[in-house]
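Hi,

Here is the structure for you to open. My notes follow below it.

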Amino acid sequence: MVLLISSMPALGQVPSPQSELPSAPAANAGPSSSQQSNTSHDGADQATSIGFGRETLTKQADYLVPMTNRERWDHYAYSLVEPQAFLYPAAQSGLNQARNKPHEWSQGAEAYGERFGSAYGQHAIGSTLSNTLAFDLHEDNRHFKSRKSGIGRPSYAITSALLARHDDGSRSISFSAIGGAAAGAFISRAWQPRSANSAGDGAVSFGYAIATRAGADLVREFLPKRLEGILK
């Protein structure tokens with residue numbers, strides 16, 4: 001926790017471009033004749049790497065390309081059907097099944113189905129609110145690989161769970177990511193049985209959601225390029 005707090009930049013603080021991502025080229029900067037061919041080639045690569053929420057993480061590290069409105073909605077739609085949208089609830093449901101939590105749902109295939117449906121419902125609520133807020137606030141919650149080394153790299157990845165990038169490249173507290181996680185955790189208490197529907201249970205679920213997000217960003221940070229398709 002100390003590492004998480006101490007490594008977070010101040011609210012609204014713009015980091016040095018050299019420490020993370022290179023700045024995007026100015027829109028009115030005309031490329032020289034020697035750069036035009038490279039520009040067209042890189043543009044084609046960007047076009048193929050940014051679409052339907054399946055960005056190439058290496059390209060994200062090289063280029064800061066703000067998402068269009070269409071790409072934001074496509075990103076949201078993909079978040080509901082991407083592999084981890086089902087893998088995380090499946091793992092969480094298996095853990096809760098082993099712990100028999102909540103105990104009112106008992107055991108068996110039907111009980112596992114209830115737990116999985118609950119976990120996926122929480123994910124869907126969180127993703128919907130998170131993407132809606134991100135749209136309005138121009139927050140980009142995608143993970144961008146850092147240029148850091150040593151302890152700075154894992155700390156960057158972990159704190160990314162609570163930070164969002166803006167169109168100008170700055171990073172600050174992600175109200176959309178935090179708000180979405182909180183909404184999913186507390187709204188999902190509505191269908192939980194008595195033993196799991198308190199505010200305290202919602203707070204614990206919120207903590208798990210943030211921890212899961214931090215863990216996913218940590219994996220993304222160190223994921224080899226050839227395996228990036230597994231965890232977008």
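**His-143 and the rest of the chain**

His-143 counts as buried, because its relative accessibility is 6% and the cut-off for buried is under 20%. Keep in mind that this is a predicted model.

Where does His-143 sit? It is in the loop between helix H6 (109–137) and helix H7 (152–159). Its side chain has a polar partner: the side chain of Glu-221, at 2.9 Å.

Now the overall layout. The protein chain has nine helices and two strands. Reading from the N terminus, the order is α-α-α-α-α-α-α-β-β-α-α. Of the 232 residues in the protein chain, 38% are buried. The protein chain exposes about 12,300 Å². Carbon and sulfur atoms supply 62% of that area. I also looked at contacts between residues at least 6 apart in sequence: 68% of them join residues at least 24 apart.

Helix H8 (residues 175–187) packs with helix H9 (residues 199–222). Their axes are 8 Å apart, at an angle of about 135°. That angle makes H8 oblique to H9. The crossing of the two is right-handed.

Which residues make the contact?
- From H8: Ala-177, Ile-178, Ala-181, Ala-182, Ala-185 and Phe-186.
- From H9: Ala-199, Gly-202, Ala-203, Ser-205, Phe-206, Ala-209, Ile-210 and Arg-213.

Best wishes

Key. Residues are numbered from 1 along each chain as its sequence is written. This is a predicted model: local features need pLDDT of at least 70, side-chain atom pairs count only at pLDDT 80 or more; totals for chains, interfaces and linings use all residues. Side-chain values use heavy atoms; hydrogens and water are left out. Helices (H or I, at least four residues) and strands (E, at least two) are DSSP runs, numbered from the N terminus. Buried means under 20% relative accessible area, exposed over 50%, partly exposed in between (1.4 Å probe, protein chains only). Contact means heavy atoms within 4.5 Å. Accessible areas come from the Shrake-Rupley method with a 1.4 Å probe; for residues, only the protein chains shown count as cover. A polar contact is a pair of N or O atoms within 3.5 Å; within protein, one must be able to donate a hydrogen and the other to accept it, and residues adjacent in sequence count only if both atoms are side-chain atoms. Axes are lines fitted to C-alpha atoms, for helices over the stretch in contact, and angles run from 0 to 180 degrees between N-to-C directions. Angles under 35 degrees count as roughly parallel, over 145 as roughly antiparallel, 65 to 115 as roughly perpendicular and the rest as oblique. A crossing is left-handed if the near helix is turned anticlockwise from the far one by less than a right angle, and right-handed if clockwise.
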